[in-house]
Amino acid sequence: MINAIEIKNLNKKYQDFQLKDVSFKVPRGSIVGFIGENGAGKTTTIKAMLNLVSRDGGTIEMLGMDTLKDEKKIKESVGVVMDGCNFHDNLKTGDIAKMLASIYKKWNQELYQQYLKKFKLPDNKIIKAFSRGMKMKLQIAVALSHQPDLLILDEATSGLDPIVREEILDVFMDFIQDEEHSILISSHITSDLDKIADYIVFIHQGKILLDEEKETLLSKMGIFKCGEEDFGKLEASEYLRYRKNQFSFEVLVNDKAAIRKKYPNALMDGVTIEQIMLFYGRGEK
Amino acid sequence: MKGLILKDLLNLKSTFKMLGVMMLFFAVVFIPQGNSFIFGIIILMFAMMVVTTISYDDLAKWDAYALTMPVTRKEMVLSKYLVMAILNTLGAVLSLIVGVVGSVIMGQSFDLEILAIIGAIYLIALIFGSVIIPLIYKFGTEKARLMLILCALLPTALMLLAEQFNVSLPTTGNPWIYLILLIGFSVAGVILSYLISLKIYSQKEF
């Protein structure tokens, strides 16, 4: 098994939205950041992976097994955190452990206690009284306590303050250390992904636009700033998207070294994941 | 599956406490009057709780999350029916205890009629659950509640109508026939209801 997740030509059609031939991989031992604006198809893709929605076509393999055939076996070794807390308001952390110990074969009570302690989650309060940060930390503690090989996180860090977010990101980094474990993390807080992701998969209007190693992406792509005259000389194959400002053009280019060679005096900036998203989302082609 | 049932019972912990107080109150008020009304109330209160557990699940968006765990859709549905059976049985046992204790306190011998009443209500509660669970899976808790009221009105209306037109209901001197009919009807109802719920739930998109 080289890939923790392998999605091929996933299709799902809704009335007003569809996933079109979504394919990407999560190599084992890596963190893949799954980005895209709200409604781009991140959650739908994740739901299709977990069979929460049916699909119209395509194959999905997780941990080397087909998600339709070996669903239960796969889910035994996958931890999922969704946007929000899915435990009932009246439960306490101990109640959750009782219930999950009989759901997961590999539930590790000691590990769970360790995470509760690490995250400073009280065991005498009901979940209703938890803050949003505490609820998220609880979900993450639960997702890790049955010793999964793969974590799937859907907007797990959104709505949290920077301190909690960093604390959580550290836990993810620890999880990945043994090079066996893998994480797929969907987020629109791109600064988090700048910190931890090894690969970036970018989905836009139901289609995968980018699937690349983060370092390559950031070192290759650039933002070329030029006037109308220079922009006119650019060929369509030389840039990905452009944005027109009052006096100048900002152009997202795929190969900044090549452009620099062509226009030695060009003003070229590096990019961040956020800028890439903005160019694709709001720029023109 | 055990985990799912446990989850519902843990969730109802506070409801159980409240119910205990109410039961005590009703027992004190009604038993001295020799009113068998209380047995119905106890069982139906417990039967209603399966609906409460589903509303709790909705509130927490539990089902979508539970299905990310090694739990099949079949187990999700089956666990709800088992919770219903457990709650109804719990209600029936408590009614029985109230009945026995009541008779002892009132210095009467335990009337077999009480047993018959509890048995009949128990079966009716099962039928009630079998109607509402598939309705909830299809339409959601709020709409299903309204529909259930309509469902309850329907047989009443039919009975009234039958009376109006002087349709004579088939009668028999042997009460055992009614009992067997009721049991058969309940069992068939629960099984049919489970199969319908499973079908609806298997196609559900979260």
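How many bridges join strand β1 of chain A to strand β4 of chain A, and in which sense do the strands run? Five bridges join β1 (residues 3–13) to β4 (residues 57–62), and the two strands run antiparallel.

## Basis of the model

This is a predicted model, in which local features need pLDDT of at least 70, side-chain atom pairs count only at pLDDT 80 or more, and totals for chains, interfaces and linings use all residues. Residues are numbered from 1 along each chain as its sequence is written, while chains are lettered from A and ligands numbered from 1 in the order in which they are written.

Helices (H or I, at least four residues) and strands (E, at least two) are DSSP runs, numbered from the N terminus. Two strands pair if DSSP finds at least two bridges between them.

## Chain A overall

Chain A holds 11 helices and 14 strands. Its C-alpha trace spans about 70 × 40 × 40 Å along the principal axes. Of its 285 residues, 40% count as buried; a residue is buried if 20 or more other C-beta atoms lie within 10 Å of its own, exposed if 12 or fewer, and partly exposed in between, with C-beta atoms placed from the backbone.

Two residues are in contact if their C-beta atoms, placed from the backbone, lie within 7 Å. Among the contacts in chain A with a separation of 6 or more, 70% are between residues 24 or more positions apart.

## The six-stranded sheet

Six strands of chain A form an open sheet with mixed pairing, in the order β6-β7-β8-β3-β9-β10. At the edges stand β6 (78–81) and β10 (207–213), each with a single partner strand, so one side of each is left without a neighbour in the sheet. From one strand to the next the twist averages 15°. Strand β9 (residues 199–204) of chain A pairs with β10(A) in the antiparallel sense over six bridges, and V201(A) has D211(A) in β10(A) as its bridge partner.

Two helices of chain A lie across strands of this sheet. Helix α1 (residues 42–49) lies across β3 (31–35), β7 (150–154), β8 (182–186) and β9, and runs at about 145° to β7(A). Helix α6 (residues 162–176) lies across β3, β7 and β8, at about 150° to β8(A). Axes are lines fitted to C-alpha atoms, for helices over the stretch in contact, and angles run from 0 to 180 degrees between N-to-C directions.

In the pairing of β1(A) with β4(A), the bridge partner of E6(A) is E61(A) in β4(A). Two bridges join β4(A) to strand β5 (residues 65–66) of chain A, again with an antiparallel run. M62(A) stands opposite M65(A) in β5(A). The strands β4(A) and β5(A) form a hairpin with two residues between them, and L63(A) in the turn has a positive phi of about 50°.

Most residues other than glycine have a negative phi, and most peptide bonds are trans. K120(A) has a positive phi of about 55° although it is not a glycine. K120(A) is found in the loop between α4 (109–118) and α5 (132–145) of chain A, and is exposed because 9 other C-beta atoms lie within 10 Å. E155(A), in the loop between β7 and α6 of chain A, has a positive phi near 55°. E155(A) counts as buried, with 20 C-beta neighbours inside 10 Å.

## Chain B

Chain B has eight helices and zero strands. Its C-alpha atoms fill a box of roughly 55 × 45 × 25 Å, taken along the principal axes. Buried residues make up 29% of the 206 residues in chain B.

Helix α1 (residues 2–11) and helix α5 (residues 73–106) of chain B pack at an angle of about 45°, with their axes 9 Å apart. The two helices are therefore oblique to each other; angles under 35 degrees count as roughly parallel, over 145 as roughly antiparallel, 65 to 115 as roughly perpendicular and the rest as oblique. In this contact L4(B), I5(B) and D8(B) of α1(B) meet E75(B), M76(B), S79(B), L82(B) and V83(B) of α5(B).

## Contact between the chains

In the contact between the chains, 21 residues of chain B touch 23 residues of chain A. The elements giving two or more residues to this side of chain B are α1, α3 (37–60) and α4 (62–66) of chain B. The largest share, six residues, comes from α1(B).
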